[in-house]
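Have the model open while you read.

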Amino acid sequence: MQHDRDFRAWPRKQDWLDQVFQCRAAETGGVIRRQVRDVENEVGVAAPVAEVRRRNFRLIRTRAHFEIVCDPGPIDVVV
């Protein structure tokens with residue numbers, strides 16, 4: 001049985017991270033939101049955490065999402 005999947009088409013971990021952090025939100029101080037299960041399946045949790053630290057951004061984890069605040073300033077939780 002031959003598999004037609006082309007595994008070379010799957011993004012590498014660094015390619016996935018580059019794509020996420022090259023979006024407009026990352027460049028303008030916005031917010032990036034990704035589902036926890038997608039992050040875990042694509043690259044694992046350690047890689048994006050390291051990238052967020054490197055960029056001095058903030059990472060918030062909710063039940064289902066990672067939210068990356070692309071601004072190194074303080075965050076106030078209002079409610």
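1. A word on exposure before anything else: buried means under 20% relative accessible area, exposed means over 50%, and partly exposed is in between (1.4 Å probe, protein chains only).

2. Some ground rules. This is a predicted model, where local features need pLDDT of at least 70, side-chain atom pairs count only at pLDDT 80 or more, and totals for chains, interfaces and linings use all residues. Residues are numbered from 1 along each chain as its sequence is written, and side-chain values use heavy atoms, with hydrogens and water left out.

3. Searching the whole structure turns up six salt bridges. The term here means a side-chain nitrogen of Lys or Arg within 4 Å of a carboxyl oxygen of Asp or Glu. As background, side chains of opposite charge can pair when their charged atoms come close.

4. Have a look at helix H4 (residues 46–55), which holds both Arg54 and Glu51. Helices (H or I, at least four residues) and strands (E, at least two) are DSSP runs, numbered from the N terminus. Arg54 and Glu51 sit three residues apart, about one turn of the helix, and their side chains meet in a salt bridge at 2.7 Å, N to O. Arg54 is exposed at 60%, whereas Glu51 counts as buried at 11%.

5. What else does Glu51 pair with? Arg55 forms a salt bridge with Glu51, and the closest N and O atoms are 2.7 Å apart. Arg55 and Glu51 are four residues apart in helix H4, so about one helical turn separates them. Through shared partners, the salt bridges join Glu51, Arg54 and Arg55 into one network.

6. Another pair to check is Arg12 with Asp15: a salt bridge again, with the closest N and O atoms 3.6 Å apart. Arg12 counts as exposed at 54% relative accessibility, while Asp15 is partly exposed at 36%.

7. Now for the nonpolar side. Ile60, Ile75 and Val77 make a surface patch of about 270 Å². Patch residues have over 30% relative accessible area and no salt bridge; like charges are joined within 9 Å, and nonpolar side chains (Val, Leu, Ile, Met, Phe, Trp, Tyr) within 5 Å. Areas come from the Shrake-Rupley method with a 1.4 Å probe, and for residues only the protein chains shown count as cover. Val77 lies in the segment after strand E3 (65–69) and is exposed at 73% relative accessibility.
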